[in-house]
Amino acid sequence: MAHTTIYVGFTVPQLLRGASRIFPTHSALVVLRHSAFCYCTANSTIKSKRKMDHLERTANNFRQEVISQAKVCGIANESETVKRLRLAIANKDFTFKAGQWVDFFIPGVSVVGGFSICSSPGLLEREGILELAVKHTLHPPAYWIHTECTLGSEVALRVGADLHGYQEGKGNGHKMGTVKLYYSAKNTSELLFKKNILDLMNAFPGKITCRFHVTQQSSQICKELQPHVTEGRISEKDLEKHVSKETLWYICGPPPMIESISKLLSNIGVPGNCVFFEKWW
């Protein structure tokens, strides 16, 4: 039986890591907000009184034993606040699955970073390349990427746990579900990977749909995006029409947004065990 997945929030690396892996047997609704790049955990109670570092937050999560050296071979601005980092991986035994993150070790920086992988496993297999999307913050690893990282800089990477389970294997009755994405940002220039998302919508009509929300748009929205853009925040009215027993909800964004959307989902009758959110703060 196919189900629905709904994503709500500010970022989209998970959606881009190989289309075959984002269709669980459940439907999914994703609420994304532009700023979170790390990993997901199932939880319905949010406590964020004290900021922990990445290794402390993820101490109980599985990690691969392989730590690989990597060299920066590309740096691009995805928006005014987000850089895409392209890394050449030295170790041929280094692998990852869609939905995993990396521990990011920087020579001379004592704090270890944790960033979601925004490229597909196929790119690593074909070209030995892995890509990260990192938002500018004062957190030492992110700050280093935005202020000191250059072509040729060397770092080390270690892969962390899966975002969520992925059913595979012969004869398991796996059937493709659907993904509905609600993606919010300040303006369309901050909607990262929007072209990739539109391409996925065209490649999987009826299986992947997206509604972009902008909260401070001051310029004209381009014709290609206009049919998919709503001005204003993601609301209860937007989400309540998707409530069902088969729907899983994934939220990605900063803590206040996650807390707000979690409460909204609770108010419209979504069980806590159907809500998954980022634990990156």
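Here are some questions and answers about this predicted model.

User: Which strands stand at the edges of the open six-stranded sheet?
Analyst: The strand order is E7-E6-E9-E4-E5-E8, with antiparallel pairing. Each edge strand has a single partner strand, so one side of each is left without a neighbour in the sheet. That puts two strands at the edges: E7 (113-116) and E8 (129-135).

User: Which residue in E9 does Ser 68 stand opposite?
Analyst: Strand E4 covers residues 67-77 and strand E9 covers residues 154-159. The two run antiparallel and are joined by five bridges. The residue standing opposite Ser 68 in E9 is Leu 157.

User: At about what angle does helix H4 run to E8?
Analyst: H4 spans residues 140-147 and lies across E5, E6, E7, E8 and E9. Those strands are also among what covers the buried residues of H4, and the buried ones are Pro 141, Ala 142, Trp 144, Ile 145 and His 146. Relative to E8, the helix runs at about 105°.

User: What kind of aromatic pair do Phe 104 and Phe 115 form?
Analyst: A search of the whole structure gives four aromatic pairs. For Phe 104 and Phe 115, the centres are 5.5 Å apart and the planes stand at 75°. The pair links distant parts of the chain, with Phe 104 in strand E6 and Phe 115 in strand E7, eleven residues apart. Planes over 60 degrees apart count as edge-to-face, and this pair is edge-to-face.

User: Are Phe 104 and Phe 115 buried or exposed?
Analyst: The cut-off for buried is under 20% relative accessible area. Phe 104 comes out at 0%, while Phe 115 has 6%. So Phe 104 counts as buried, and Phe 115 is likewise buried.

User: Why does the pair of Tyr 250 and Phe 276 count as stacked?
Analyst: Tyr 250 sits in strand E13 (residues 247-252) and Phe 276 in strand E14 (residues 275-278), 26 residues apart. Tyr 250 is buried at 4%, and Phe 276 is buried at 15%. The ring centres are 5.0 Å apart and the planes are at 15°, so the pair is stacked.

User: Which residues do ring pairs link into a cluster?
Analyst: One ring pair joins Phe 104 and Phe 115. Helix H4 has a buried Trp 144. Ring pairs link the cluster of Phe 104, Phe 115 and Trp 144.

User: Which residues have the most contacts inside the largest nonpolar core?
Analyst: The largest nonpolar core has 23 residues. The elements giving two or more residues to this core are E4, E5, E6, E8, H4 and E9. Leu 132, for one, touches Leu 87, Val 102, Phe 104 and Phe 115, among others beyond four places in sequence. The residues with the most contacts inside the core are Leu 87, Phe 104, Leu 130, Leu 132 and Leu 157.

User: How many residues are in the second, separate core?
Analyst: This second core includes Ala 133, Ala 185, Cys 210 and Val 214. Its size in residues is 21.

User: What positive phi does Gly 269 take?
Analyst: Helix H7 (residues 255-267) has 13 residues and reaches 18 Å, close to the 18 Å expected. Its buried residues include Met 257, Ile 258 and Ile 261. Just after H7, Gly 269 takes a positive phi of about 95°.

Notes
Residues are numbered from 1 along each chain as its sequence is written. This is a predicted model: local features need pLDDT of at least 70, side-chain atom pairs count only at pLDDT 80 or more; totals for chains, interfaces and linings use all residues. Side-chain values use heavy atoms; hydrogens and water are left out. Two strands pair if DSSP finds at least two bridges between them. Helices (H or I, at least four residues) and strands (E, at least two) are DSSP runs, numbered from the N terminus. Contact means heavy atoms within 4.5 Å. Axes are lines fitted to C-alpha atoms, for helices over the stretch in contact, and angles run from 0 to 180 degrees between N-to-C directions. The expected span of a helix is 1.5 Å times one less than its number of residues. Buried means under 20% relative accessible area, exposed over 50%, partly exposed in between (1.4 Å probe, protein chains only). Rings of Phe, Tyr and Trp (its six-membered ring) pair if their centres lie within 6.5 Å; planes under 30 degrees apart count as stacked, over 60 as edge-to-face and the rest as tilted. A nonpolar core is a set of buried Ala, Val, Leu, Ile, Met, Phe, Trp, Tyr and Cys residues joined through side-chain atoms within 4.5 Å.
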